[in-house]
Amino acid sequence: MTFIRQLCAVTVVLFCFAVRHAHSENPELEVLVLFDNTSAREDLRRSWGFSALIDFRGHRVLFDAGSDPTLLLEHLEKMQIDPKSIDHAIISHQHGDHLRGVYWVFEKNPKMTVHFLDNFPEEAFRRAAGVGMKPRRVKGPFEVVPGIYSTGIVDGKPPEQSLVIDTSLGLVMLVGCSHPGVVKLVETAQSQRKTDSIHLLLGGFHMLRKQPNEIKAAITQLKDLNVTNAVPAHCSGDLAKELFQSAYGDKFNTAGAGRRIVLDEGKLVISTLEARNEPTDK
Ligand SMILES: [Zn+2]
Ligand SMILES: [Zn+2]
């Protein structure tokens with residue numbers, strides 16, 4: 001009898017472990033920062049620009065592609081991500097620190113669907129044609145894959161598109177450089193998705209040359225717009241990061257190459273992707 005009881009206990013433990021393991025291997029959402037002005041991991045380098053990879057319900061979407069193709073490909077390799085596994089690439093705006101890497105990723109994965117804004121300079125489309133890429137020309141808002149939406153063109157200098165992911169916790173939003181203004185991008189996304197909150201906002205907030213009172217005003221507006229978690233990256237600037245940290249407290253997080261945002265079983269966890277030696281299926 002004791003043996004059977006022990007056997008049951010072991011089975012229950014193993015079952016729980018298997019379930020937990022299954023979940024952690026297959027979270028609802030995973031966002032990896034591939035390229036940023038800062039680095040969260042010793043073996044990843046910092047460089048001017050931004051790129052992040054989104055895994056959401058079986059789809060893999062690249063958001064921006066950094067300024068340095070060699071470095072982006074190096075980081076993909078170090079994070080054991082096969083460029084061939086990427087379904088879509090969304091380029092937020094025409095600047096090279098977001099656009100440049102995409103031509104090289106495309107050469108590794110010509111099946112990837114690439115989305116440029118319709119008003120990118122002709123040179124960007126010529127370079128694309130040079131590597132056999134036929135980028136889709138984004139105008140208005142659209143659904144990239146089920147549950148991931150582009151805002152479409154938001155006016156600014158230059159215009160920009162952002163991404164929103166409709167998760168079980170609410171919207172997770174990624175912005176490239178926020179040239180139209182981060183508040184305007186959030187407002188646009190909220191009105192398109194008919195919601196009055198954003199669970200997490202990640203990306204370049206473009207506050208590098210802003211005065212403290214301008215940054216504080218933007219933070220107040222973002223709080224009024226119910227932006228719950230803030231992860232300023234890229235062109236946000238150190239001062240903005242400090243001010244966001246003091247305003248958001250434990251709802252603030254740093255980005256940097258190697259940062260990993262995971263939404264699993266209704267919980268959001270921000271950590272740094274561990275360096276692994278053994279090959280994975282990524
Ligand atoms: Zn820019
Ligand atoms: Zn930028």
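Which residues in α2 meet which residues in α4? I began my notes with this pair of helices, and I found that Pro-69, Leu-72 and Leu-73 in α2 meet Gly-101, Trp-104 and Val-105 in α4.

**Basis.** I am working from a predicted model, in which local features need pLDDT of at least 70 and side-chain atom pairs count only at pLDDT 80 or more, while totals for chains, interfaces and linings use all residues. Residues are numbered from 1 along each chain as its sequence is written, and chains are lettered from A and ligands numbered from 1 in the order in which they are written.

**Overall.** I counted eight helices and 14 strands in the protein, where helices (H or I, at least four residues) and strands (E, at least two) are DSSP runs numbered from the N terminus. Of the 282 residues, 41% count as buried, a residue being buried if 20 or more other C-beta atoms, placed from the backbone, lie within 10 Å of its own, exposed if 12 or fewer, and partly exposed in between. Among contacts with a separation of 6 or more, 65% come from residues 24 or more positions apart; two residues are in contact if their C-beta atoms, placed from the backbone, lie within 7 Å.

**α2 and α4.** I noted that the axes of α2 and helix α4 (residues 101-108) come within 8 Å and cross at roughly 50 degrees, with axes fitted to C-alpha atoms, for helices over the stretch in contact, and angles running from 0 to 180 degrees between N-to-C directions. That makes α2 oblique to α4, since angles under 35 degrees count as roughly parallel, over 145 as roughly antiparallel, 65 to 115 as roughly perpendicular and the rest as oblique. By class, their contact has five nonpolar, one polar and no charged residues; Ala, Val, Leu, Ile, Met, Phe, Trp, Tyr, Cys and Pro count as nonpolar, Asp, Glu, Lys and Arg as charged, and the others, Gly among them, as polar.

**Ala-65.** I then looked up Ala-65, which is found in the loop between β3 and α2 (69-78), and which counts as buried because it has 30 C-beta neighbours inside 10 Å. Leaving aside neighbours within four places in sequence, its contacts include Leu-72, Gly-101 and Val-105. Asp-97 is 32 residues from Ala-65 in sequence, and their C-alpha atoms are 7.5 Å apart.

**Sheets.** I traced an open sheet of eight strands in the order β6-β5-β4-β3-β2-β1-β13-β14, with mixed pairing, two strands being paired if DSSP finds at least two bridges between them. Its edge strands are β6 (136-138) and β14 (267-272). Within this sheet, β2 (residues 51-56) and β3 (residues 59-63) pair in the antiparallel sense over five bridges, and Phe-56 stands opposite His-59 in β3.

I also traced an open sheet of six strands in the order β7-β8-β9-β10-β11-β12, again with mixed pairing. β7 (142-145) and β12 (227-233) each have a single partner strand, so one side of each is left without a neighbour in the sheet. Three bridges join β7 to the antiparallel β8 (residues 148-150), where Val-145 has Ile-148 as its bridge partner. Helix α6 (residues 182-193) lies across β8, β9, β10, β11 and β12, and runs at about 140 degrees to β10.

**α7 and α8.** Last, I checked helix α7 (residues 212-224) and helix α8 (residues 238-248), whose axes come within 10 Å and cross at roughly 45 degrees.
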